[in-house]
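This report covers the ligand shell, the sheet and a pair of packed helices. Please keep the sequence and the model in view while reading.

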Amino acid sequence: MAHENKLFSLTLKHAQWRMHETLNLIPSENITSPQVRELLASDLGHRYTLMVNSTIHGVYINNAYGGTKFTDQIETESEEIAKHVFGARFCTLKPLSGHIAGMIMLFSLCARNDLIMAISADLGGYDGYMAGYMPDKLGLHVDCLPFVERDWNVDFEIAPKLIRKNKPRLVILGASFILFPYDIKPIREACDDVNAFLGYDASHVLGLIAGGEFQKPLKDGVDLVVGSTHKTLFGPQGGLMITNREDVFDEVSNRLAWHTLDNPHQNRIAALGQALLEAKEFGSEYARQIIKNSKRLANALNDLGIPVLYAHKDFTQSHQVLLDLNRIRSEFGLNSTELMNLLESENMIIDAVGRLGTNEMTRRGCKEDDMERIAEFFTRIVKGKEKKIKNEIIEFLKDCKLTYCFDDKK
Ligand SMILES: Cc1ncc(COP(=O)(O)O)c(C=O)c1O
């Protein structure tokens, strides 16, 4: 039987472990609803669509494949939902991931030898925008935005001056370690003065933005928002791009087919549309709860003697909490990988870079009191070096219930 082969048995073991036995604090992950999973596993996942507007073998072709009369409508419907949720005039759900959406942004708005400015990966920015990665392949130069480490934010005094001086083609806000919103106005004004585009990689905070929390980048003047659809947003893994500028959207549209992708994976687009319907209905409550949970988790850990950064700023305004890895090393003798492995041995899952995320546990129905329990588990494992917390975690998870989604196929 198919279910007895190794692939099935490993996948089922994985699902049992990650879904029912482990408590996940990775800020890059989330859980999709049954409806989203049904659409992902549907026939759409077998099919092709490709809008090319091109002449192939002497014949003008708009849509390269037959059989798409429903898929075209599904894509349009999902895009309409996305535009509504984000208050955007234009959007594409085609990018296959957040990284690809970022690459399409660079492709669309920059030309060879242009300068871009982004937050340094040493200070939580996304590595993909750094020299050595995407910009190199596209012939772009990179300057890092000045950053105030004590505030864990861009230096909004100096950054506008540097933008005016260095005249980049594109400035990118957004980061992988993101706690606080950006002051977009002074950056926008500087970009206007030198005719630069302002982009925002919202991969981490897209679900908060969908829920009307964190900040409103398009309303505040960002030209193009790109991001992953599966971190705070509880969609399938993938990417999206939204903008209010028609000229920017035209550039993006011209860099899709055959430039940065071919078949856009309609099962993912349908599933993303469904996740966005969930965000439309439940997103603001969900996003507010994530932020309350993050603050409570950080405060509770700190009270229990686990070093957490940015106490002087009430720790966080996002789904993330940053651990003080230097103090964890000196006080508990653990480097970040040892910390991750120790927690995993007791069924608590974190990443190896010192971020904790409350998004998945919030989706699983956790509130502030649950954050206190999670902080207690964490502390007993790390500080008390207690064993057998695993069983308590499994019991705790039995009371968790997927929330912020519909009961049936609405
Ligand atoms: C800010 C940022 N942008 C882009 C990405 C890449 O996203 P994806 O995994 O969807 O390609 C990440 C990855 O975590 C990220 O943190």
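The ligand is surrounded by 15 residues, and S97, G98, H99, S176 and S228 are the closest; a residue counts as near if its C-beta atom, placed from the backbone, lies within 6 Å of the molecule. This is a predicted model, in which local features need pLDDT of at least 70, side-chain atom pairs count only at pLDDT 80 or more, and totals for chains, interfaces and linings use all residues. Residues are numbered from 1 along each chain as its sequence is written.

Helix 4 gives the most to the shell, with three residues. Helices (H or I, at least four residues) and strands (E, at least two) are DSSP runs, numbered from the N terminus.

Seven strands form an open sheet in the order 4-12-11-10-9-5-6, with mixed pairing; two strands pair if DSSP finds at least two bridges between them. Strand 4 (90-92) and strand 6 (141-144) each have a single partner strand, so one side of each is left without a neighbour in the sheet. Strand 5 (residues 115-118) runs parallel to strand 9 (residues 170-173), joined by three bridges. A118 stands opposite I172 in strand 9.

Helix 10 (residues 266-303) packs with helix 14 (residues 368-382) at about 35°, their axes 8 Å apart. Axes are lines fitted to C-alpha atoms, for helices over the stretch in contact, and angles run from 0 to 180 degrees between N-to-C directions.
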